[in-house]
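Let's take a walk through a protein chain together.

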Amino acid sequence: MQRLITAETILTGRAGQSVPKGAVLVDDDRIVAIGHRDDVSRQASNEAVLHEYAGHTVLPGLINCHVHLALDASSEPLQHYLDSDDTDLLLAMVGRAQAAARSGVTTLRDLGDRNGLVFHLRDAIEHGALAGPRIVAAGAPLTPPSGHCHFFGGEVDGEDDIRARIHDSAARGADLIKIMASGGQITPTSPPMWASQFTGEQLHLAVLEANSAGLPVAAHAHGTEAIAAAVDAGVSTIEHCTWMANGGGYDTRDDVAKTMAEHGIHACLAWPPHWRAFLERLGPERAEHIVNRVRWMRDLGVPMIPGTDAGLRGSHFTGFAEALGLYEHLGFSRDEIIEMATTTAAKALGLSDVGTIAPGYSADLIAVKGDPRSNLDRLNGPGLVMVRGMLIVGFDGHFQHWETSGSVVGHAGSVSITLGSSSVGVVSRERS
Ligand SMILES: [Zn+2]
């Protein structure tokens, strides 16, 4: 089935690329054409369904690069997680994934859950049994006994365990391996955030094993020592990338940042939607320190991708667009931020057919009122969300009625109904 989506502006996802009075033609799960609406509508079949998004901007679906579907973003996410059995947890994960999709996030990278639940969810969505976002999933992250996030079940003690755990994750269908290179905040028994949890040799081994199974590695690393070791081992992304010195304070290392830039190792800061309150709590001096550290990374060319650590306290699955405001605060242009959250994120995650609106790409796209290039808040509450050509938000109910009535399809002349500023109908072939 073909859908012709027209809008005031189409953003391809790449900074600086837009089509005014544009259209996107989708055939089942694929984008087949993008361009000026007259040119694109000529390529549409007689039966194509028209979605007119007047006053809207169509852009690739957003990609949240760091979430935990197993956690509920409440004030006690860990306790609720521990209190849930797998069935309850999986059902809750479905709801969170769908909420994220409705908010315009068409791809989630999940960096830690238990018992491979997220793989079942990912596959059910992929096979069409459930509506939801595309999911890229790590499964249980590798961590030492009682280490950071050990409650996900990925404890490893020594080299043999590391190998076995990676083989197990690969066999269960992991899309990547997550390793907790440093301590973290939410685990009482974890070493301090700045402390390394693995040796350089162990990180090398993990990357080697993962890569030989065809999987990239994401390293959680707050400490500079852990960041440097993970970069040296050749991981694909550094989560948080906080540059904490041993024992306290910060230690930014130009050589490590430059290696990240050279090798395209992305930093995923994983800041929550309430980043502004978070900075305020730290006080002006520390906040400025943090802001300067990100600017320093940017100046050295470290590529960055946005994530929110959704599931942690207060980081709701619908808060991704809000979280993007941080990057504007840090000095990124809105055009750059949209690119980071779409095209750049897809590339960093190794997804070759999402994050851009172009022929041959998967039909993962959204439509928002107005133009997000003049105000990022426009990304909130999309009027259209499509994942693999499936409508998550839109006017599909009306389409079903029209299509089953049958007689409308193939009629000469344009037939459409108007719903607010958007309308649906059947493409007219009279004009072409
Ligand atoms: Zn996380």
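This is a predicted model: local features need pLDDT of at least 70, side-chain atom pairs count only at pLDDT 80 or more; totals for chains, interfaces and linings use all residues.

Residues are numbered from 1 along each chain as its sequence is written, and side-chain values use heavy atoms, leaving out hydrogens and water.

The domain assignment, which is automatic or from a database, gives domain 1 (2-61 + 358-426) and domain 2 (62-323). Their C-alpha centres are 33 Å apart.

How much area do domain 1 and domain 2 bury between them? The value is about 1,300 Å², with 60% of it on carbon and sulfur atoms; buried area is the accessible area (1.4 Å probe) that two parts lose on being put together, summed over both. On the domain 1 side, Gly61, Arg388 and Ile392 lose the most area to domain 2, together 39% of what that side buries. One salt bridge (a side-chain nitrogen of Lys or Arg within 4 Å of a carboxyl oxygen of Asp or Glu) is found across this interface.

Now find the open sheet of three strands, ordered S5-S6-S7 with parallel pairing. Strands are DSSP runs of E with at least two residues, numbered from the N terminus, and two of them pair if DSSP finds at least two bridges between them. Strand S5 (62-67) and strand S7 (134-137) are the edges, each pairing on one side only. Four bridges join strand S6 (residues 105-110) to S7, and Leu108 has Ile135 in S7 as its bridge partner.
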